[in-house]
Amino acid sequence: MRWCCGGSYSENGGGGSGSSSRTPHQQPTPLLTVATGSATSNTHDTFGPMQVKMHKTPVGMHENQYFIGNQKSFEAVLVTEGTGESVLLDSLRASGWNCTISFPTQATSDVESICPLAVFIDLRVPHPSQIAKDVSSVSTEEVLIVSIAEKHISEKRRRALGQSNIIHHVTWNTRDVTLFDYVGRLANRIRALPALFAVLDETDQAVEVCDEQRVVQYVNRAYENVTGCIRSEVIGQPESEMRRKSLPRARGEEERRRSSDWKFIRVPFANNSQFVYMKRSNTTGEAAIFRDVSLKSLKSQTGGIEAPISEVLTMLRDVSSRVDGEPAQTIKDAMKVLSSHELYAPSINRFRDADRIATQYYDGLIRLHHPARQRKRSVVDAHREKRGSHGERRRVSADVKNALENDNCWKFDILHLEKVSDHHALSQVGMKVFERWKVCDVLGCSDELLNRWILSIEAHYHAGNTYHNATHAADVLQATSFFLDSPSVAIHVNESHAVAALLAAAVHDLDHPGRGNAYLINTRQSLAILYNDNSILENHHIALAFQLTLQHNANVNIFSNLSREEFIQMRHAMVEMVLATDISRHFEYLAKFNKMHVTDVAEEQRDTNSLTICDMLVKCADISNPAREWGLCQRWAHRIVEEYFEQTREEKEKGLPVTMEVFDRNTCNVPITQCGFIDMFAREAFATFTEFAKLGELSDQLESNYEKWKLMTSQWTPSHNTNLVL
């Protein structure tokens, strides 16, 4: 069908089997049509594939097609103290306008009840400008306000009237009502749109409309259900392959490619184009809307984070929602296999029960870690049993005791504790946190042994680092404890994983040299050679932690009373959590957390979920500085930037590749770097985790800090980069 503005229209949107392009001479069935009568120039207006009547017609359905009639005729109100009879009035009536004469004292109420398209104000009435303002204030729709006089008015008065919303002027004897007919026709079209939107919102097919720059203009309710995205967050955003996985992109002017899930329709206009994506109906013709019941945040779905395995799982879930019976169960079984952490390892149930050799090969060479299947206590259960059993209180100074008072709050000031404890924040906050979480009870060790261990760990952090030092470890430990305190988190985390998370937080940057992994690779450091350039520092942190703990002459082995199985599980969990802090694997762990299901899961899956949650909370604790109170956020930012400044200086002096050119002290805009880090890493992680943990105030704080950084960007100069850390 030929559109009113030119171009062609494709009913099914593209090629593929069963599709064909219409020639300009073919007349497809209109998508929308009027109910009765033939179209005439006086009673109908063509609006795309729709005909809009110029008089009152009910809205209904006819032969399974939607039709829409205009709900209002062309109404006008003439405000005057006379009869209003004139050439203009005769011309309006002849053109089909229904004109109502209104006295100035009744103008406002008449406009409110009639809802006219145009209001004509006789300039001979008292205070015409005030009448125009009153009319504008009560009109529920856009109304054209016109002044009328015996002759044309001066430009000066026209501008004065324009300040009171009078935008046009005519004389009583004019016969030209073309402008008013044009306004009426536009208003008729606009009044038809709500019915179109109502129809789109009721359909079971998801619809997305984008403008010529691929920015989303409209999505319907079915689209929200299919993608899990909120309409208000999608509209105005660029189109996203993450939200609609199998959509084809247009490559040419006339290309309309077909996919198994969506169809693409390009709607040409004179000067620009719109792009429509519409989800196809299933084979049964019934609605097949899948609601994602995973932990994937609605906010996070607007971002650009998606692993290939996540895309596969999303497509499989979409297919499973459109089939029933045995095929649906088969797809669910396949999804369970693909969700495994050991994706490329053979499953034990593939071996015959009597195949003892194969089973032992599997356990001995592939599945090195195979924990027992006993029921594990959650953090909630463990604390319920241990309530009231407080150990002997440690002796600390009054200043340190006061600084530790609110260590279970997000506003806790670890930098103040660093000052009053003479840079022993890790051991001080560590022992208090360990005591509250009954770490000694879980490990079966004494308070004295645990205290010696944390002091040994603290001593192996580099005090000369401005950021990666023991105070940063203390900060991450306190944040980890805070996250575990959330009931929404604790109910899904078992006791041993909670303790592993606290210990992992304490050691996660042990012996950090103040330089990143890329620097170690470029300088061919022995650690880079040892760990084959993969998660170099993270592997070193956790390896050294266990070396220090297990050496016989140090007397700090806090794991000595654990059984072999308990030690293997504790070590496995700690290693996993520390490796999760590698920022190069940030999106991998985030995608894994997004795909986690926590309802109606088997016991083995609960244990896997517990570890996944702890990976995520330690990761969030490690990058939590942007979500702290502004004062702490700013001071921590200055510390990390100072460390990056020194690395960049050293890289340039040694002729090495510069890891992050933006951190040159002579040119760096620190607020911009902080906004960039939040955009790239922190916002998505915190939006996802805090939604799960029901800690939305942290994301709010992060956004507040972001706005503060943005305001500082224009005033920041390189001179501010001197003495950031005082």
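Modeller: A salt bridge is a side-chain nitrogen of Lys or Arg within 4 Å of a carboxyl oxygen of Asp or Glu, and in this structure the side chains of E646 and R665 meet in such a bridge, with 3.1 Å from N to O. This is a predicted model, in which local features need pLDDT of at least 70 and side-chain atom pairs count only at pLDDT 80 or more, while totals for chains, interfaces and linings use all residues. Residues are numbered from 1 along each chain as its sequence is written, and side-chain values use heavy atoms, with hydrogens and water left out.

Biologist: Where in the chain do E646 and R665 lie?

Modeller: Elements are numbered from the N terminus as DSSP runs, a helix being H or I of at least four residues and a strand being E of at least two. E646 belongs to helix 26 (residues 630-653), whereas R665 sits in the loop between helix 26 and helix 27 (670-693), so that the pair, 19 residues apart, links distant parts of the chain.

Biologist: Are E646 and R665 buried or exposed, or something in between?

Modeller: The classes rest on relative accessible area, with buried under 20%, exposed over 50% and partly exposed in between, using a 1.4 Å probe and protein chains only. E646 is partly exposed because its relative accessibility is 27%, and R665 falls into the partly exposed class because its value is 25%.

Biologist: Which element holds both D679 and R683?

Modeller: That is helix 27, where D679 and R683 stand four residues apart, about one turn of the helix. Their closest N and O atoms are 2.6 Å apart, and the two residues form a salt bridge. Both have intermediate values, since D679 is partly exposed at 41% relative accessibility and R683 is partly exposed at 24%. Salt bridges can also share partners, and in this way E642, E646, R649, E653 and R665 are joined into one network. A search of the whole structure finds 20 salt bridges.

Biologist: At which residue does UniProt place the feature "active site"?

Modeller: An unreviewed UniProt entry places that feature at H468; such positions are given in the numbering used here, feature names are shortened, and annotations may be inferred rather than shown by experiment. H468 is found in the loop between helix 16 (447-459) and helix 17. It counts as buried because its relative accessibility is 12%.

Biologist: Which residues does H468 touch, beyond those up to four places away in sequence?

Modeller: A contact means heavy atoms within 4.5 Å. On that basis H468 touches H462, D509, H512, I640 and E643, when residues up to four places away in sequence are not counted. N465 lies in the loop between helix 16 and helix 17 too, and N465 is buried because its relative accessible area is 12%. Leaving aside neighbours within four places in sequence, N465 is in contact with H512, P513, G514 and E643.

Biologist: What can be said about F482, and which helix holds it?

Modeller: F482 lies in helix 17 (residues 470-484) and is buried, because its relative accessible area is 13%. Apart from its neighbours within four places in sequence, F482 is in contact with N408, C409, W410, L695 and L698. F482 and V433 are 49 residues apart in sequence, and their C-alpha atoms are 9.7 Å apart in space.

Biologist: How many helices and strands are there in the protein chain?

Modeller: The protein chain has 28 helices and 13 strands. Of its 726 residues, 48% count as buried. Among contacts between residues at least 6 apart in sequence, 66% join residues at least 24 apart.
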